[in-house]
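Subject: Structure handover

Hi,

Here is the structure I said I would pass on. Have a look first, and then read my notes below.

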Amino acid sequence: MINRDKVTFLKTEIKKPSYEVLCEAAELIKKGEVVAIPTETVYGLAADAYNPEACEKIFKAKGRPQDNPLIIHICDLDMLKNSVKEIPPLALTLAEHFWSGSLTMIFPKKDIVPDTTSGGLDTVAVRMPDNEDTLNLIKMCGVPLAAPSANLSGSPSPTTAQHVYADMNGRIPLIIDGGECKNGVESTVICFTDGGTGIKVLRPGVITAEMLSRFAKTETDKNVFAKPDENEKVISPGAKYKHYSPRADITIIETDSDGKLAEFLNSKNDGGTYGVIFGGEKGIEVPTISYGSTAQEQAHNLFAVLRKTDELGAKRAYVRCPEKTGVGTAVYNRLLRAAAFKTIIL
Ligand code: TXA
Ligand code: MG
């Protein structure tokens with residue numbers, strides 16, 4: 001008998017999407033395997049959402065805690081209706097405006113969604129990704145695909161097929177290479193409040209609270225920017241882990257002053273220190289990496305830049321704090337966790 005725990009793939013293939021490659025991926029998924037897929041946010045590690053053994057392989061490949069639930073990816077509203085018990089009218093309005101796209105909504109789950117997929121919760125998170133190849137793949141599979149970000153648990157999310165390969169080589173058979181992800185940060189995760197008439201943002205993304213508030217009263221969960229207390233029960237289990245971290249020690253630097261930033265970084269000039277800056281700041285003597293001057297650019301580049309600090313052998317990186325409004329909230333939320341909340345205000 002095959003011992004499933006011992007099955008590893010000596011070689012992980014990276015293939016550009018074509019009809020043949022999507023067929024191959026669908027066959028693997030139908031057999032209960034895990035395939036990395038491109039989406040407009042970050043790459044996902046996908047398996048048949050209705051197959052608990054297949055989803056267990058996702059947790060194993062990532063080294064992810066079993067209580068952290070997976071998002072299921074659908075290609076049409078029938079898949080939503082098949083997977084969840086109740087759909088508030090507000091959810092349909094949001095789906096109409098934001099799907100296919102980077103909005104994940106949480107619903108009470110039907111029994112067809114196994115507990116393995118939902119991390120033991122009686123709810124399930126659902127989104128329709130904005131990537132034609134992945135939508136076609138979901139259609140070919142005929143079932144939703146459960147997919148967390150395709151990084152090792154705790155590492156920065158992957159925004160290229162090469163990032164996925166760096167983390168998953170030998171752990172999965174196939175990576176579909178759809179190029180660089182457009183957004184660069186994961187989807188906005190929301191749940192419904194007030195009997196389905198209100199919105200609570202659990203994880204910010206490029207679909208902002210401001211955009212959602214045009215449709216309903218919208219609040220942002222306090223754990224988006226705060227460190228949850230040790231034993232606190234959080235609504236979104238992903239909020240409680242240190243996350244998105246490269247090997248380099250990350251600290252956030254909050255300042256309005258280019259001069260103070262340069263002075264601080266120069267005082268840390270020991271060869272292992274890097275500055276992650278907006279770009280164009282003057283007088284800095286330590287090596288720097290720019291992650292962009294607008295929130296959109298910063299969202300697009302953040303994870304790639306965090307991975308870059310490791311490639312460069314940085315021991316520590318000081319990252320200039322993004323704006324805390326609009327898309328900047330998504331960047332700030334990821335950065336807080338990458339830095340395990342360490343912040344210096346200058
Ligand atoms: O953009 C994305 O959302 C990417 C791509 C691949 O779609 N996926 C992604 O998945 O970021 P993951 O597993 O890395 O993050 C999912 C987040 C976690 O913080 C998890 O705790 C939360 O969503 N989540 C999932 N299901 C939930 C549920 N039923 N209730 C509360 N939070 C949930
Ligand atoms: Mg993730």
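To start with a question: is Asp249 buried, partly exposed or exposed? Its relative accessibility is 38%, so Asp249 counts as partly exposed. Before you go further, keep in mind that this is a predicted model.

As background, side chains of opposite charge can pair when their charged atoms come close. In this model there are 17 salt bridges, and I picked out a few of them for you.

**Lys342 and Asp249**

Asp249 is in a salt bridge with Lys342, at 3.1 Å from N to O. Lys342 has a relative accessibility of 34%, so Lys342 counts as partly exposed.

**Asp130 and Lys182**

Another bridge joins the side chains of Asp130 and Lys182, with an N to O distance of 3.4 Å. Here too, distant parts of the chain are linked, and the two residues are 52 apart. You will find Asp130 in the loop between β6 (123–127) and α6 (132–141), and Lys182 in the loop between β8 (174–176) and β9 (188–193). Asp130 is partly exposed at 36% relative accessibility, whereas Lys182 is exposed, with a relative accessible area of 54%.

Glu24 and Lys15 form a salt bridge through their side chains, at 2.9 Å from N to O. Glu24 is at 29% relative accessibility and Lys15 at 23%. What do Lys11, Glu13, Lys15 and Glu24 form together? They make up one network, joined by salt bridges that share partners.

**Asp167**

Asp167 sits in helix α7 (residues 161–168). Why does Asp167 count as buried? Its relative accessible area is 10%, and the label applies because buried means under 20%. Leaving aside residues up to four places away in sequence, which residues does Asp167 touch? They are Ala150, Asn151, Leu152, Ser155 and Arg307.

Cheers

Notes:
Residues are numbered from 1 along each chain as its sequence is written. Chains are lettered from A and ligands numbered from 1 in the order in which they are written. This is a predicted model: local features need pLDDT of at least 70, side-chain atom pairs count only at pLDDT 80 or more; totals for chains, interfaces and linings use all residues. Side-chain values use heavy atoms; hydrogens and water are left out. Helices (H or I, at least four residues) and strands (E, at least two) are DSSP runs, numbered from the N terminus. Buried means under 20% relative accessible area, exposed over 50%, partly exposed in between (1.4 Å probe, protein chains only). Contact means heavy atoms within 4.5 Å. A salt bridge is a side-chain nitrogen of Lys or Arg within 4 Å of a carboxyl oxygen of Asp or Glu.
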